[in-house]
Amino acid sequence: MPTNCAAAGCATTYNKHINISFHRFPLDPKRRKEWVRLVRRKNFVPGKHTFLCSKHFEASCFDLTGQTRRLKMDAVPTIFDFCTHIKSMKLKSRNLLKKNNSCTPAGPSNLKSNISSQQVLLEHSYAFRNPMEAKKRIIKLEKEIASLRRKMKTCLQKERRATRRWIKATCLVKNLEANNILPKGTSEQILPTALSNLPLEDFKIVEQNQQDKTLPIL
């Protein structure tokens with residue numbers, strides 16, 4: 001008496017109240033091999049009590065002339081739902097993998113993986129242990145960037161002030177040349193060398209001193 005169907009993913013069981021018939025694998029080696037190939041079960045070897053239910057055969061495969069439903073001599077199973085079976089197998093394998101990971105003790109392999117992860121954190125400064133550590137690092141870098149921007153802005157302001165002082169000093173020397181206080185050619189020969197050795201902060205002092213000296217003459 002058959003108990004269940006041997007097809008992968010088929011949960012049909014024998015029930016005398018349901019109009020489903022069960023059929024043994026053929027004894028003929030060629031037909032038997034063809035049935036096994038169509039079932040597509042790995043390392044599957046049917047035995048004496050291995051059956052396929054009528055769900056896997058087309059209507060044309062049955063001989064209904066007698067009182068019982070029988071398969072024709074050339075009938076082969078062609079109706080299978082392999083997609084559902086594959087999905088169920090994948091789900092089972094995932095659940096088994098999760099279970100094994102949760103129950104695996106801290107053996108040498110796990111210690112080796114932990115050591116490897118620590119080495120990665122040490123060798124790569126951009127690797128963070130958790131999102132909070134990464135967030136703190138980002139906030140710190142943003143503050144450093146803001147500080148550097150302020151310093152850059154200050155340097156640009158100092159550069160502009162120094163440029164204005166240079167221009168004013170040049171104009172002052174040329175004015176002194178025009179009033180015959182300094183010899184001609186001072187601005188083209190002496191001034192660049194003198195001002196290059198003088199700190200930019202002293203330009204304003206030089207300019208003010210020169211203005212104080214020239215005011216009585218003018």
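Helices (H or I, at least four residues) and strands (E, at least two) are taken here as DSSP runs, counted from the N terminus. On that basis, this predicted model shows a protein chain whose elements follow the order β-α-β-β-β-α-α-α-α-α from the N terminus. The chain holds 6 helices and 4 strands in total.

**Chain overview**
- Of the 218 residues in the protein chain, 22% count as buried.
- The accessible surface of the chain is about 17,500 Å², and carbon and sulfur atoms account for 57% of this area.
- Where contacts join residues at least 6 apart in sequence, 52% of them connect residues at least 24 apart.

**Nonpolar core**
- The largest nonpolar core comprises 19 residues, and Cys5, Leu52, Phe57 and Leu71 have the most contacts inside it.
- Helix 1 (29-39) and strand 2 (51-53) are the elements that give two or more residues to this core.
- Leaving aside residues up to four places away in sequence, Cys5 touches Cys10, Thr12, Phe22, Phe51, Leu52, Cys53 and His56.

**Aromatic pairs**
- The whole structure contains 5 aromatic pairs.
- One of them joins Phe25 and Trp35 edge-to-face, at 5.4 Å centre to centre and with 65 degrees between the planes.
- Phe25 lies in the loop between strand 1 (22-24) and helix 1, whereas Trp35 lies in helix 1, 10 residues apart.
- Trp35 also pairs with Phe57: the ring centres are 5.3 Å apart and the planes stand at 55 degrees, so this pair is tilted.
- Phe57 belongs to the loop between strand 2 and strand 3 (62-63), 22 residues apart from Trp35.
- Both Trp35 and Phe57 are buried, and Phe25 is buried as well.

**Ring cluster and charge**
- Ring pairs connect Phe25, Trp35, Phe44, Phe57 and Phe62 into a cluster.
- Arg69 is placed over the face of Phe62, 5.0 Å from the ring centre.

Technical notes
Residues are numbered from 1 along each chain as its sequence is written. This is a predicted model: local features need pLDDT of at least 70, side-chain atom pairs count only at pLDDT 80 or more; totals for chains, interfaces and linings use all residues. Side-chain values use heavy atoms; hydrogens and water are left out. A nonpolar core is a set of buried Ala, Val, Leu, Ile, Met, Phe, Trp, Tyr and Cys residues joined through side-chain atoms within 4.5 Å. Buried means under 20% relative accessible area, exposed over 50%, partly exposed in between (1.4 Å probe, protein chains only). Contact means heavy atoms within 4.5 Å. Accessible areas come from the Shrake-Rupley method with a 1.4 Å probe; for residues, only the protein chains shown count as cover. Rings of Phe, Tyr and Trp (its six-membered ring) pair if their centres lie within 6.5 Å; planes under 30 degrees apart count as stacked, over 60 as edge-to-face and the rest as tilted. A charge sits over a ring if NZ of Lys or CZ of Arg is within 6 Å of the ring centre and within 35 degrees of the ring normal.
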